[in-house]
Amino acid sequence: MFTYRPYGLHLRASVALPGLSAEPGGGSAHPEPVMVRLGRPPQTPPSDAKLLHATAHPDEGLRLWHDAATSRYWHRYADGTAFASDGLRRTVDASWPEPLTLANACTYFMGPIAGLWLRLDGASPLHASVVRIGDRAVAFAGAASAGKSTLAAALNQRGCPVLSDDICVVQFIDGVPWVTPGYPRVNLWPESGAALFGDARSLPALVPRHATFDKQYLQLEHDATFEAAPCPLGAIYIGEPTDVDGASVEAVGEPEALRHLVGNAYAPYLLNRVMRAADFSLFSQLASAAPMRRLKARRDLNQLDMLADAVLADAIALLDR
């Protein structure tokens, strides 16, 4: 068995999962692991299961059902990839049609499926990417296509190790917010790869043999470009598009910071009353414990270097106070 700890989850699988680094020696028995069972076609959701989420996004076409009586969830993607998660037995069954591969399934697994299990385990993840600047974590939150991953990759080129891409898990220890590392990849669209590395084909495809999904990934190295240890959170940046050239950074007060945090919760379609209360509790603490900055910039990859330099300078000045 292979043991993995992305985002602080405890996963066990009978085969190696692409993109993840296995723990040596099988890992700790606590918390209780989630057993990942690959190649097992999940059963069809029952007719009375509640449809929680459906998207017409051409790259995903995700539909998600939930049966509260059995604590089971079913994810179905337009390309035929399917997952069934059992919250009571702590299992995930996954299957995919040919010519798709395990790598295709893991792409979904490390996004919405991981987000589901974080929620089931009581976490309140943010939709954010995170790098380490100095000895602090700095998070970049925002909606899909806001440039979080691209900015993290640009700062990575400037010597800032990445902690996590797209999902940010924060926990408080002795009153201090700490970010739990994700896994050593940053996922990027080809145009971002071209802006960073000069060629849209410079990075490997994230999803091999996929007709419409052309996202790529930047592989990170432990102790060089990936930070594998938890790090105290020093600041959160919220992207705000503007039509004005240049980049500006300004402070955000606590009430507005809380609104932004709630609005950038990961997988909000999963939230029930208990999860919403947990989010509000953690985000309220976070709004007062970590400064938030509004980052105004045009969505223009030609200005990426200027944006990354502005953020780096602001973060260094802020964290040195």
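Student: Where is Arg72 placed?
Tutor: Arg72 lies in strand β6, which covers residues 72-76. Please keep in mind that this is a predicted model.

Student: Is Arg72 buried or exposed?
Tutor: Arg72 has a relative accessible area of 18%. Buried means under 20%, so Arg72 counts as buried.

Student: Which side chain is joined to that of Arg72 by a polar contact?
Tutor: The side chain of Asp86 is joined to that of Arg72, at 3.2 Å.

Student: And what does Arg72 touch, not counting residues up to four places away in sequence?
Tutor: With those left out, Arg72 touches Trp65, His66, Asp67, Ala84, Ser85 and Asp86.

Student: New topic: helix α4. Which residues of α4 are buried?
Tutor: Helix α4 runs over residues 254-263, and its buried residues are Ala257, Leu258 and Leu261.

Student: Why are they on the same side of α4?
Tutor: They cover an arc of only 100° around the axis, and therefore they sit on the same side of α4. An α-helix has 3.6 residues a turn, so residues three or four places apart point the same way.

Student: What about the other side of α4?
Tutor: There, Pro255, Arg259 and Gly263 are exposed.

Student: What covers the buried residues of α4?
Tutor: The cover includes the strands β9 (126-133), β16 (231-241), β17 (247-252) and β18 (292-297), together with helix α5 (273-289).

Student: Now cavities. How many of 30 Å³ or more are there?
Tutor: The count is 1 cavity of 30 Å³ or more. The largest cavity has a volume of about 40 Å³.

Student: Which residues line the largest cavity?
Tutor: Its lining is made up of Leu17, Val36, Leu38, Phe83, Ala94, Ala105, Cys106 and Phe109. By class, these are 8 nonpolar residues, with no polar and no charged ones.

Student: Last one: what is the volume of the second largest pocket?
Tutor: The second largest pocket has a volume of about 240 Å³. It is lined by 16 residues, and those closest to its centre are Arg5, Pro6, Ser21, Gly182 and Phe226.

Student: How many of its lining residues are nonpolar, polar and charged?
Tutor: The lining of the second largest pocket has 9 nonpolar, 5 polar and 2 charged residues.

Conventions:
Residues are numbered from 1 along each chain as its sequence is written. This is a predicted model: local features need pLDDT of at least 70, side-chain atom pairs count only at pLDDT 80 or more; totals for chains, interfaces and linings use all residues. Side-chain values use heavy atoms; hydrogens and water are left out. On a 1 Å grid over the protein atoms alone, a cavity is a set of points where a 1.4 Å probe fits but cannot get out, and a pocket is an open set with protein on both sides within 12 Å along at least five of seven lines; lining residues have an atom within 4 Å of a point. Grid points are joined across faces, edges and corners, and a volume is the space filled by probe spheres set on the points. Ala, Val, Leu, Ile, Met, Phe, Trp, Tyr, Cys and Pro count as nonpolar, Asp, Glu, Lys and Arg as charged, and the others, Gly among them, as polar. Helices (H or I, at least four residues) and strands (E, at least two) are DSSP runs, numbered from the N terminus. Buried means under 20% relative accessible area, exposed over 50%, partly exposed in between (1.4 Å probe, protein chains only). A polar contact is a pair of N or O atoms within 3.5 Å; within protein, one must be able to donate a hydrogen and the other to accept it, and residues adjacent in sequence count only if both atoms are side-chain atoms. Contact means heavy atoms within 4.5 Å. The arc is that of the directions from the helix axis to the C-beta atoms.
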